[in-house]
Amino acid sequence: MNRRNRNGKEYRGRSRACVISMLCLSLMTVSLSGCGKDAGNTEEPATERAPIDTRKTVRNLVDQAENGAYSGKADGSTEETKQADYTTDDAKAEDGKASAMKEIDHFETKLESENGLMKVEVDAPVRVSECDAYPILSVTRGTIDDELLKKTKDALLGDVQLYDGTRLYDDYEEQALANGEKPDPAWKLGGKVPYSEITKYPVDTKLVKVKEDAGKKGDLESYADYYMQLMPEGELFYGVTDAKDGTYGNLTVTNSERYGNSLKFFKSKDYNVRSGFVMPGLNIVSWPVEKGEDYVYNEEKNPTPAVGMPVKMTEVKGENGETEWQGEGNTPDPDFKGCTTRISDKETNAVSKEDAIRQAEELLKKIGLDGEYASTVVTEDYFTDPEHLNNGKDAEGKYGYEFLLGKAWHIVFQRSVNGNILDDYGEKYTYKGPKRVWFGEVVEVYVNDNGIIGLSVNDPLKVQETVVENGKLLDFDQIRKIYEESQLESLNHSTSFDSILNVTKEEAEQTGEGGYTFKIDDICLTYTRVTDQKEFSRALLVPVWSFRGTCYGKDGNVVAEGSFLEINAVDGSVYNAEVGY
């Protein structure tokens, strides 16, 4: 599910029963609840401590999963808490499948902040998977290796020769040069070539170390300015097809301590290949067809439009005498006539949903990812590249943006832990030393009449061992109490609704802030990644209660969708997605 806060940052969560869609695939899965500081800050994000186990360490968590949770008392001693058994007799989870869900309770409550700016209405079934145990798994951060790269290339492209995509002009650079325009001084064009010359640079299907590759590409100015600055310690592969058959294709891999590990493939008859691929996720924007063709830019339908509308620009002379253009705040450009969409006649989708799922599952089997991941979300999506805009002026000097829309089935795969789906909300950041981010694991496949056109394997996990065979979980009555005590405060500490509880009604009237209503309509026992506070790349996969729904603004429009709070089912701690525990 996509969520964007009032400051423009987007969040996503996923659910088997109530998935809305995934709009911006360059962003990874995170949860709204408990987020401390924004990723742009240089401080370590703050975390909310557990209401039951205030020490909140991996060792304590394993102990409580084995022996039952306990709460601290004023004198320093502890007392046991009430446990519950959510397993189903004789249930047996299938590898690579999600178990059926069953309703065990129903939760209704209403919460309202003292300043009246936030209301929460809960009316939701409480659901769990039919499984025989809730194991606790120890995991580390996995990487993409040459074997997976080679298997993916063979499965998707066969014996097609690939060429060095780092050598390509960006599409806008090539177009500008073709039009005889003077290159922007900021463009590093040395060593780059147009698509027509890319066959001069064939590549083997193997990862290279960025530092080593940079030494071999002294003529490629952009390499040092881009890859060496972003991920000097990392590994990469960037291969593109020659497009002589009318299809553009690219296969990329990034292994980076700073920005995560991902494999991506995309091919299209309508969309050109682009350089730049460090962030996980495909370099396209997609949304369910049911949301409409104009969802990508319609602010009434979509609180997170992909492209901001242009503002009025004024020509000014800089200190060096060169002409510069400056925007005039939020004043709309009078020459902008708006956005339109056009449906591609090359990226069509007559393939059935069942056949699309079959193709996606067969792909995962070919590349060795079957048995671990279950298909959890399947939607027919429009997809587009927001860079492909037609801004040519008409006879009256007016210009507009045109989105070229393709269609495809979008199949999301998530890890299955004994039939329970891993909603990897964790997005762990560290700023002590070099910045590092551990994004959430997910696999996504796009299928249409042209076959498999997209694959994304994001931050795969490496399972080390099962540390607890069947974790002891808190009774939901305790979870209910923790939720009522934590939901408003957690929203108040999130980046989406930061400090809104501190805003007065008078201030809200002046700024238009507040008036949010959260409707929680689904409560699921799922899994997430709880990272070790002391060791960046170690974590446990642990059951959590996820409270999902929709946030509406005072005008009734959707502001955010997804999971608004996660509570650790073992120790009752409020989960903080931005620090990963």
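Is C131 buried or exposed? C131 is buried, with a relative accessible area of 0%, where buried stands for under 20% relative accessible area, exposed for over 50% and partly exposed for in between, using a 1.4 Å probe and protein chains only. The model is predicted, so that local features need pLDDT of at least 70 and side-chain atom pairs count only at pLDDT 80 or more, whereas totals for chains, interfaces and linings use all residues. Residues are numbered from 1 along each chain as its sequence is written, and side-chain values use heavy atoms, with hydrogens and water left out.

**The chain as a whole**

- The secondary structure of the chain comes to nine helices and 30 strands, which are DSSP runs numbered from the N terminus, with helices taken as H or I of at least four residues and strands as E of at least two.
- Of the 581 residues in the chain, 56% are buried.
- Among contacts between residues at least 6 apart in sequence, 71% join residues at least 24 apart, a contact being heavy atoms within 4.5 Å.

**Cysteines and a polar pair**

- C339, at 14% relative accessibility, also counts as buried.
- The count of disulfides comes to zero, where a disulfide is a pair of cysteine sulfur atoms within 2.5 Å.
- S129 has its place in strand β7 (residues 118–129) and, at 0% relative accessibility, counts as buried.
- The side chains of S129 and N420 are joined by a polar contact of 3.3 Å, a polar contact being a pair of N or O atoms within 3.5 Å, for which, within protein, one atom must be able to donate a hydrogen and the other to accept it, and residues adjacent in sequence count only if both atoms are side-chain atoms.

**Helix α1 and L61**

- Helix α1 covers residues 58–67 and includes L61, and its buried residues are V58, N60, L61, V62, Q64 and A65.
- L61 has a relative accessible area of 6%, and, leaving aside neighbours within four places in sequence, L61 is in contact with V530, L540, V542, N568, V570 and D571.
- Although L61 and L540 are 479 residues apart along the chain, their C-alpha atoms are separated by 9.2 Å.
- Just after α1, G68 takes a positive phi of about 105 degrees.

**Helix α8**

- Helix α8 (residues 476–492) has 17 residues that should span 24 Å at 1.5 Å a residue, and its end C-alpha atoms are 24 Å apart, which agrees; the expected span is 1.5 Å times one less than the number of residues.
- At S486, α8 bends by about 45 degrees, the bend being the angle between axes fitted to the seven residues ending there and the seven starting there.
- The N-terminal end of α8 is capped by D475, which has a side-chain oxygen 2.9 Å from the backbone nitrogen of D477.
- Buried residues of α8 include F476, I479 and S486, and the buried residues of this helix pack against β6 (101–112), β7, β27 (473–474), β28 (516–531), β29 and β30.

**Strands β29 and β30**

- Strand β29 (residues 538–552) and β30 run antiparallel and are joined by nine bridges, where two strands pair if DSSP finds at least two bridges between them.
- Within this pairing, T550 stands opposite E561 in β30.
- β29 and β30 form a hairpin with five residues between them, and G556 in the turn has a positive phi of about 90 degrees.
- Strand β30 (residues 558–568) is largely enclosed by the rest of the structure, because 10 of its 11 residues are buried.
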